[in-house]
Amino acid sequence: MSSIPVLDTRPPDGLTPGSVAANKLAKRLKRLTGQAVTDYGMIRDGERIMVCLSGGKDSYTMLEMLLYLQSVAPVTFSITAVNLDQKQPGFPEHVLPEYLDGLGVDYRILERDTYSVVTEKVPSGATMCGLCSRLRRGILYSHAREHGFTRIALGHHRDDIVETMFLNMFHGARMAAMPPKLRSDDGDNVVIRPLAYCSERDIDKYARLQQYPIIPCNLCGSQDNLQRQNIKGMLADWEAQDPGRTERIFRSMTRVAPSQMPDRDLFDFAALD
Ligand code: SF4
């Protein structure tokens, strides 16, 4: 049986289970998840939600938040956690089934050896994450389509959304981020991001508080995308100098003023006389 690589899972400073601060953190995450779900109409009555569970802190937190919402929401919906075992060397296969059995949640583990495909196609030394994620997405989306899931829930959070906007601005010269809800490229699935309003900092603290059995996404030895790491560093520096800046950037993305931007597709400047 494989073991889980050692990660920093120590409880965050000053936060102990049951403390006032821990309860406030849990409440904040629940409130923000509920708010995002409501604001973007993510879940209707009768929805069948496929929750993509990678074993990272974000996906564990998302699953827990959706289970909470399921218990209090005025609508009825089902939740199935789905993990894709991509056959990376060292992937601890027992961890998620044990965790999910303990939780009593419906789940499926899909097994596809995308690791071999990726290592064969990507030159050694190059980052494998782009192809790996595309393959993963394709398999999960097909599974959702074939099994009649009406929503695919992904664990991206506020900071992922802000980082993606800067990545697209700096490297693609366009302003685009990650929407909290979208129709997938194949047109068959609706993808939702219930943690869209939650900060990575809160999720990280909460995951450590909950002692989730984290499985890192670098068992394959691939390097994280360097450009994203640079943006993360930039945002962390800004946040240190000016606390709250990331949240304000995110909020600004929800309050775009088309006539105040030089995008001629957003606003008909020619019609102004
Ligand atoms: S770190 Fe490995 S498993 Fe994770 S996306 Fe990159 S290639 Fe895939």
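Predicted model: local features only at pLDDT ≥ 70, side-chain atom pairs only at ≥ 80, totals over all residues.
Q: How compact is the protein chain for a globular protein of its length?
A: The chain has nine helices and six strands. The globule rule gives 19 Å for 273 residues, and the chain comes close to this, so it is as compact as a globular protein of that length. Its radius of gyration is 20 Å.

Q: What share of the contacts with a separation of 6 or more comes from residues 24 or more positions apart?
A: Contacts are counted here between C-beta atoms within 7 Å. Among those in the protein chain with a separation of 6 or more, the share from residues 24 or more positions apart is 77%.

Q: Which residues does Met50 touch, not counting residues up to four places away in sequence?
A: Met50 is one of the residues with the most contacts inside the largest nonpolar core. Leaving out residues up to four places away in sequence, Met50 touches Thr80, Val82, Ala144, Phe149, Arg151, Ile152 and Ala153.

Q: What covers the buried residues of α7?
A: Helix α7 runs over residues 200–210, and its buried residues include Ile203, Tyr206 and Leu209. The cover over the buried residues of α7 includes α1 (20–39), α2 and α6 (158–172).

Q: How many residues of the shell around the ligand are charged?
A: The residues around the ligand include Gln88, Met128, Asn218 and Ser222. The shell divides into five nonpolar and four polar residues. The number of charged residues is therefore none, as Asp, Glu, Lys and Arg are what count as charged.

Q: Why do the residues annotated "binding site" gather at one spot?
A: The annotation comes from an unreviewed UniProt entry and covers Cys129, Cys132 and Cys220. They span 92 residues in sequence, yet they gather at one spot because no two of their C-alpha atoms are more than 10.2 Å apart.

Q: Is Cys132 buried or exposed?
A: Cys129 has 19 other C-beta atoms within 10 Å and is partly exposed. A residue needs 20 or more to be buried. Cys132 has 21 C-beta neighbours inside 10 Å, so it counts as buried.

Conventions:
Residues numbered from 1 in each chain as written. Near = placed C-beta within 6 Å. Helix = DSSP H or I, 4+ residues; strand = E, 2+ residues; numbered from the N terminus. Rg over C-alpha atoms; globule rule 2.2 N^0.38 Å. Contact = placed C-beta atoms within 7 Å. Core = buried A, V, L, I, M, F, W, Y, C linked by C-beta atoms within 7 Å. Buried ≥ 20, exposed ≤ 12 C-beta atoms within 10 Å, placed from the backbone. UniProt positions renumbered as here; feature names shortened; annotations may be inferred.
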